[in-house]
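Have a go at each one before you read its solution.

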Amino acid sequence: QKSRFAILNGLDSGRKGAIYMTVKLLKWKERGFVKGTKNKVLKLAYQLDDEAQWARPTDFSTVKFKMISAHDAVTGEQLLGETDEETVTLHSEQPDLPEALEAAARHMRMGETAHITVTDLRLAYEDPCIRQQAMCLPKTCTSKRVMYVAKLIEIVEKGMEIDTRALEDKGKDGFMEEAEKRKALGTAAMKRGANERAVLRYNDALKFAAKTPDDMSQPIRLALHLNNAMVYLRMNEFSLAKQSCEWALEIDPENIKAIFRRAKAHEGLIDYDLAAKDLKEAIRLEPQNRDLRKEYEDLKVRAKEDAKKQRELWGSAKIFDKERGL
């Protein structure tokens with residue numbers, strides 16, 4: 001953190017070497033990645049109003065928010081102009097803001113103006129479900145990094161504040177209720193294609209489910225890991241999809257969905273051997289499942305086509321002469 005102070009007055013206290021001073025904070029900076037965005041959104045708080053407060057909004061808070069500008073962080077080209085002051089709700093089922101701005105606003109203080117740098121433009125692209133389209137980037141935008149300048153003007157109404165002590169008083173049911181709420185929000189986001197938002201909500205749900213006994217939380221934890229795997233596959237985040245499947249298989253070692261989705265993750269990682277192994281295991285568990293058998297045959301075709309492309313690209317390198325165990 002970097003701060004600049006002005007000394008308004010100084011008064012000798014009468015003791016040698018001791019002076020009492022009244023100071024005013026003129027400018028304050030805090031630079032850091034926004035939590036939950038995998039280091040894809042960087043927020044720099046660079047100005048606080050005279051009336052600024054240290055309060056931050058919570059989930060589902062209603063706030064007054066304004067975008068001042070958006071421009072290419074490399075070339076300086078302006079991409080979006082200033083918007084009116086808008087009253088929005090954070091992390092609602094139907095989003096008001098693009099995900100990058102919503103995540104940043106959740107970590108801003110009332111009266112703060114911030115530079116918000118976005119390196120993954122999928123978090124800021126236009127989406128028919130987002131109410132404030134004027135703050136979204138067109139999908140034709142070719143910038144590598146975009147910097148928003150935005151201001152959190154006022155917290156109109158505090159949203160859901162998680163009182164962990166109250167949940168503890170309710171016992172295990174309280175944490176399960178919160179887990180179910182977050183799971184429902186994640187599923188709603190997944191259905192409308194807001195994949196990053198869905199993962200964020202599912203991971204929130206997992207945190208609450210982890211505070212309940214294993215025997216009670218196993219069904220919801222299994223469902224959350226499976227849902228995360230499906231969303232990660234949509235995002236082509238194959239390593240994360242594989243990890244979610246493995247967590248699901250720790251709960252249910254013979255879960256067909258987890259085995260099948262791990263096979264798709266292995267295929268995405270160009271590991272056809274492991275993909276085939278998973279599909280064979282799924283067929284062993286459900287020998288009558290025609291879809292699994294078809295997927296296995298299709299995988300063999302795709303593996304052969306990939307090997308052929310690699311041979312054409314790299315010549316007759318021996319590494320591509322075998323069909324990799326399929």
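**Exercise 1.** Which residue in β8 is the bridge partner of Asp72?

Before we start: this is a predicted model, where local features need pLDDT of at least 70, side-chain atom pairs count only at pLDDT 80 or more, and totals for chains, interfaces and linings use all residues. Residues are numbered from 1 along each chain as its sequence is written, and side-chain values use heavy atoms, with hydrogens and water left out.

*Solution.* Start with the strands: β4 (residues 62–72) and β8 (residues 146–157) pair antiparallel over 10 bridges (pairing takes at least two DSSP bridges; strands are DSSP E runs of at least two residues, helices H or I runs of at least four, numbered from the N terminus). Then look across from Asp72, and you land on Val146.

**Exercise 2.** Find what β5 (residues 78–80) does with β4.

*Solution.* First, the two pair antiparallel through 2 bridges, with His71 partnered by Gln78.

**Exercise 3.** How do the axes of α6 (residues 238–251) and α7 (residues 256–268) cross?

*Solution.* The axes, lines fitted to C-alpha atoms over the stretch in contact, with angles from 0 to 180 degrees between N-to-C directions, come within 8 Å and cross at roughly 155 degrees. So α6 is roughly antiparallel to α7 (over 145 degrees).

**Exercise 4.** Is Ser244 buried or exposed?

*Solution.* Ser244 sits in α6. Its relative accessibility is 2%, so it counts as buried (under 20% relative accessible area; exposed is over 50%, partly exposed in between, with a 1.4 Å probe and protein chains only).

Note on methods:
Parallel < 35°, antiparallel > 145°, perpendicular 65-115°, else oblique.
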